[in-house]
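Dear colleague,

Please find the structure below for your records.

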Amino acid sequence: MVLETEKKQKKYKVIGTRPIRPDGLDKVTGRARFGADIDLPGMLHGAILRSPHAHAHIVRIDTSKAAALPGVKAVVTNADFPHVPAEELSLGEGAVNLVHLRQNVLAEDKVLYHGHAVAAVAATSAHIATEALRLIDVTYELLEPVLDVRDAMKQGSPILHADLRTRDMGKDGDIPSNIASHLHFELGDADHAFGEADVVIEREFTTRMVHQGYIEPHNATVSWDEDDHLTIWMSTQGAFNVRDQMARLLRLPVHNVRVVPMEIGGGFGGKISVYLPPVGAILSHKTGRPVKLVMNRTEVLEATGPTSGSYIKLKMGATKDGRLIAARGELAYEAGAFPGSPVGAGCMTMLGPYDIANATIDGYDVVVNKPRVAAYRAPGAPISAFACESVVDELAEQLGIDPLQFRLQNASKEGTRQLRGTTFPPIGNVAMIKAALASDHYNAPLEGPNRGRGVANGFWFNAGMQSSLNASVNGDGTVSLIEGNTDIGGTRASIAMQLAETLGIPMEAVRPTVVDTDSVGYNAVTGGSRITFASGWAAYECGMDIRRLMCARAAAIWDLGEDDVEYVDGVIRARKDAAKKFTFAELAGRINSTGAPIIGNASVSPQTVGGAFALHIADVEVDPETGKVQVLRYTAFQDPGTAIHPAYVEGQMQGGASQGIGWALNEEYYYNADGTLANASFLDYRMPTTLDLPMIDAVMVETPNPGHPYGVRGVGEVPIVPPLATIANAVYRATGVRFRDLPISPRRVLKETQGLE
Amino acid sequence: MAAVWIPPQLRYLTRGAERATVPGDTLRAVIDALDAAYPGLRDRLCEADEIRGHISIVVDGDVTQRGLTQPVRPDSEVQIIPAIAGG
Amino acid sequence: MSERVQIQATINGEPVQFLAEPRQSLLEALRDELGMTGAKEGCGNGNCGACNVILDGRLVDSCIVLAAEVEGRLLTTIEGIAQGNHLHPLQQAFLEEAALQCGVCTPGFIVAAKALLDRTPHPTEDQVRHWLAGNLCRCTGYDKIVRAVLRASESTEANA
Amino acid sequence: MQAIAYQSAKSIDEAVSVLRQWGERARVLSGGTDLIAQLREGRRHDVEVVLDIKSIPEARELRYSPGQGLYLGAAVPCYRIYEDAAIARAYPALADSAALIGGIQIQSRAAIGGNLCNASPAADAIPSLIALGATCEIAGPNGRRTLPVEQFCIGPGRSALEQNEFLVALRLPSPAAQSGSCFLRFIPRNEMDIAVANAAVALTLNPAKDRITAARVAIGAVAPTPLLVPEAAAALIGAPLTEATLERAAEAARAAARPITDMRGSIAQRRHLARVLTRRAIESAIQRAKES
């Protein structure tokens with residue numbers, strides 16, 4: 001359902017429609033080529049030996065028996081990598097230290113988590129490669145692991161990295177620490193404001209590591225040629241990022257590395273950093289043959305992706321009349337084995353839905369003996385929103401104000417100053433909350449015992465970054481669009497639609513193709529909710545480029561000045577002579593008989609991302625005897641700016657909501673005391689099934705982003721921000737118990753409601 | 001003159017000042033002017049001739065993708081924040 | 001390298017002979033020996049449904065079937081759902097309902113839904129959800145998938 | 001995974017001779033949903049031969065008659081049980097188990113016999129088999145023998161099968177008139193999980209349907225093996241159908257449970273669930289008995 005806050009004239013022809021996606025046919029017939037579907041002549045299969053321990057020195061690795069197994073062609077360890085300097089490498093958003101990246105890909109002198117890669121084999125079959133792993137003899141000297149963020153921050157805790165110092169806005173501490181960085185934000189005067197508050201609530205929250213849970217495991221097939229050219233076929237959110245990471249890690253010129261992005265079976269942020277390609281590269285270099293590596297599910301869960309477990313202490317204050325005036329927060333996020341948790345975004349998004357003048361927030365990025373975290377859909381924001389939206393809910397309750405009304409009267413709007421110091425451009429927060437207040441769901445009675453309704457809001461920045469693409473006009477009036485962004489959720493459609501809109505032609509006349517890193521200009525990752533925004537903007541610029549070229553060509557044909565020709569609704573016409581006009585297809589048919597081919601080019605780095613808000617409503621029922629929570633009804637509201645392809649916007653909203661519901665209820669990394677991960681399978685890492693979710697109603701409340709030619713805001717990430725607190729607030733109303741530790745699993749519900757440990 | 005918000009951790013360099021107004025039509029010029037007023041600030045923000053990897057600079061509400069060449073207007077607001085990642 | 005054995009089966013209506021190692025799963029044989037890569041491996045232990053095929057009329061996870069077990073049996077894979085260039089109503093409904101995002105679970109869902117409609121031509125939403133509970137999708141929240149299956153079930157062709 | 005050989009036996013004798021030849025290095029494949037996953041995950045390095053018993057007539061036969069009871073071949077997949085209306089009516093707890101093991105895909109292959117032989121403490125079929133009084137038919141080098149199903153599991157993953165023996169079939173007695181049974185399990189999701197706890201109840205009512213004349217109660221995932229709980233049955237037999245009776249039986253199940261804490265559940269949670277599930281299963285079994 002699309003609700004518009006401004007009466008939008010029917011100004012678009014393509015935007016806002018729901019065409020079939022260009023890559024759909026291949027995906028419903030099984031023809032689409034994903035990374036694991038690659039098969040090359042002479043290809044070897046790789047496998048990786050992983051640490052059974054959470055924290056240990058590697059004393060010795062004996063690969064001789066494995067190397068002797070018939071069919072094994074190479075065995076490698078970290079020592080096979082060239083040395084790299086300890087420099088930062090930008091991953092588009094955020095950065096990674098090259099040494100840490102290399103140590104994560106294959107452990108150097110220490111293993112830092114259960115599942116940490118230690119050695120790798122290439123063999124003539126995948127089965128032989130895994131057999132060979134059992135023949136590699138590794139001697140470990142065990143160290144005490146530290147698994148919880150609060151333990152890791154304590155003095156005297158086991159230290160993961162002897163050289164790690166706490167970084168504080170560009171300045172480093174002087175003693176070894178597991179606290180990789182400390183962030184500090186201040187807005188107004190929180191101390192003073194708390195003195196003026198009538199109601200103050202302070203609570204503590206914890207969350208566990210959770211995984212993105214993409215269905216397709218990581219994969220990479222690498223061919224290192226004799227002339228040091230490297231080709232990588234893989235599943236990645238950012239082919240150019242992979243190219244740059246590989247060039248730096250392997251000390252190769254960038255143009256020696258070509259990355260071919262295959263279809264990608266989900267990423268959610270977890271397929272940006274590299275895991276397999278560097279290993280595949282050194283195996284291929286050693287054997288002179290292409291090497292294919294595909295993770296199994298256990299490897300995916302043990303050694304890739306999760307987002308942080310956390311501890312948050314949050315205090316908020318409000319006046320009697322229901323004004324939020326002060327917040328103080330302390331956020332500690334687990335980074336896993338290497339620095340880089342999303343605590344900064346957690347701090348900066350937490351208060352985004354509110355106009356709150358005084359806040360002091362501290363953030364801590366903390367290493368623990370668990371896998372290095374990766375980005376996960378609005379990284380950091382769901383965790384802090386869980387805390388904030390729980391406290392806000394409790395404040396509203398204490399003040400006797402309806403929880404949505406309370407959110408409305410404190411809602412951030414254009415001009416509201418945020419914690420990071422910036423003010424909001426036009427945003428849709430208020431309109432969205434009003435739509436939720438007026439909705440059928442919020443006004444429907446919820447009857448029956450053990451049921452409750454919860455709401456929560458969420459904010460995410462969205463990202464801009466670099467996009468490049470080009471498009472060729474074909475003789476029959478069709479357009480071939482070349483782009484460099486992996487299409488995870490329908491972006492071929494949303495980009496092609498913006499080009500078609502700009503050109504005034506049907507979407508079906510545009511054929512988009514995602515190409516490799518040698519075949520199009522630089523593109524940043526498919527992430528940060530940026531593709532429909534930024535690559536869509538590039539499509540607009542590219543379309544405008546084509547329009548100019550088409551007008552110039554028509555002017556030449558008619559012997560007019562370029563200014564005498566205009567482009568209106570897909571028709572190129574002389575301004576002063578109604579008889580002189582071409583449809584797009586007519587002029588396209590004359591391109592090659594009148595001059596050079598017409599190719600539009602665009603490269604952009606837009607910044608005016610607009611910001612996105614989501615508000616969710618959930619009804620739940622709790623079985624008081626078993627502690628199980630069933631979601632009965634769920635509605636997601638969101639401001640997409642302009643929904644280019646509304647069906648895929650709804651899909652993002654529904655998908656984000658369901659990931660968040662899983663996070664709230666049953667998903668968690670379960671560690672044994674020795675630091676081994678106990679539930680590294682889809683059997684015991686409990687993502688929602690069809691029976692765990694209701695239909696998820698998606699309501700788009702459009703407030704166009706003035707910073708985009710078509711008003712687009714990113715839509716992919718923000719829908720995962722509110723569900724954690726939405727569910728917790730609903731369970732509170734069903735049980736009378738506030739759940740401040742996730743997940744709200746049956747075990748935890750029984751513990752909190754019946755004292756069953 | 002552009003208004004620069006000084007993050008709390010760097011205020012020891014600005015003698016406690018939360019805001020500084022400095023001239024400059026690019027981010028580089030703004031940071032140079034800041035460093036002239038408050039020596040040491042540039043080193044905390046930049047490495048070689050680039051913004052440090054873990055720091056983002058926001059000009060008029062948007063995280064700059066253009067680094068030190070980012071244009072700055074006389075009425076611009078500039079914030080210095082930790083870099084963030086998106087998924 | 002263990003001894004490869006010869007296996008004969010009927011796949012998507014065609015008699016097929018192939019060689020496979022006894023340790024290879026049916027999924028591995030389809031993908032690596034027969035080049036039929038439509039079925040995907042998502043978990044390798046029967047907990048996600050991405051590898052679904054229909055074996056003698058029953059829906060199975062091909063990752064936990066040995067290739068050697070299919071000797072003499074009938075298989076339908078995602079590659080055999082469309083009739084030539086004519087999409088199955090389920091495939092058409094998945095496209096029109098936008099019931100896929102990344103698309104990696106899609107072949108499994110379509111094969112599973114086909115097995116459902118083959119025996120229950122007009123399922124309720126509950127029946128669809130129950131039948132598809134062995135197939136994981138992480139992108140969609142299942143909403144549009146369930147709608148697509150229900151929509152396809154309204155098509156008379158789906159029951160042909 | 002290591003190289004293996006695959007053998008499909010056509011008769012019990014052929015299967016026994018393969019087992020005699022390979023001993024511990026052979027494993028029996030019925031549905032394969034546990035075994036193949038274990039092999040692929042590297043948890044069965046010792047296996048060199050997989051012996052498929054699906055082609056042995058006695059292992060794939062499913063036969064029911066009200067007089068003879070149920071003959072359930074060890075390799076019969078789950079769906080054949082719940083899709084057979086007469087069997088599902090006579091042995092509702094067994095049908096409950098068959099419909100709860102895995103998703104549809106798993107039920108196409110997984111066999112009740114295989115579920116038993118895997119001997120998981122949390123197995124979804126075993127409590128039902130115990131409650132319904134099943135007997136195991138076992139073949140081996142010394143011929144055939146039978147064993148009450150509650151004696152089959154002797155530890156997590158360990159069964160009473162002797163070297164070179166295998167399970168051919170299960171026999172379940174015909175239910176008496178006015179009988180009902182039910183199997184329930186608790187999982188955090190609604191599909192694709194291992195039971196945190198489970199319970200099966202089979203009982204018979206008197207002709208007036210106001211008293212229980214016979215009962216068997218079994219619980220799972222709360223001890224190293226699924227447990228028969230005679231104390232729970234004793235609490236039911238002859239007692240009036242009151243809340244207090246049900247609670248006494250449920251409490252007996254709770255008392256019999258001796259679970260562990262692991263990633264799937266805690267000791268306190270499992271004991272509690274043993275009580276809740278037992279009581280709910282009794283209620284459902286009574287209802288089914290009344291409707292039978």
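**Contacts of chain A**

The contact between chains D and A takes 18 residues from chain D and 22 residues from chain A. On the side of chain D that touches chain A, helix H12 (residues 267-291) of chain D gives the largest share, five residues. By type, the residues on this side of chain D comprise nine nonpolar, six polar and three charged. Please note that this is a predicted model.

Chain A also meets chain C, where 44 residues of chain A are in contact with 44 residues of chain C. On the chain A side of that contact, the elements giving two or more residues are helix H1 (24-29) and helix H18 (646-665) of chain A. H18(A) provides the largest share, eight residues. The chain A residues that touch chain C divide into 19 nonpolar, 19 polar and six charged.

**The sheet in chain B**

In chain B, five strands make up an open sheet with mixed pairing, in the order E2-E1-E7-E5-E6. Its edges are strand E2 (19-22) and strand E6 (62-63) of chain B, each of which pairs on one side only. B:Val58 stands opposite B:Val63, a residue of E6(B).

Helix H1 (residues 27-37) of chain B lies across strand E1 (2-5), E2, E5 and strand E7 (77-82) of chain B. This helix, H1(B), runs at about 115° to E2(B).

With kind regards

Methods:
Residues numbered from 1 in each chain as written. Chains lettered and ligands numbered in written order. Predicted model: local features only at pLDDT ≥ 70, side-chain atom pairs only at ≥ 80, totals over all residues. Contact = placed C-beta atoms within 7 Å. Helix = DSSP H or I, 4+ residues; strand = E, 2+ residues; numbered from the N terminus. Nonpolar A, V, L, I, M, F, W, Y, C, P; charged D, E, K, R; others polar. Pairing = 2+ DSSP bridges. Axes fitted to C-alpha atoms, helices over the stretch in contact; angles between N-to-C directions.
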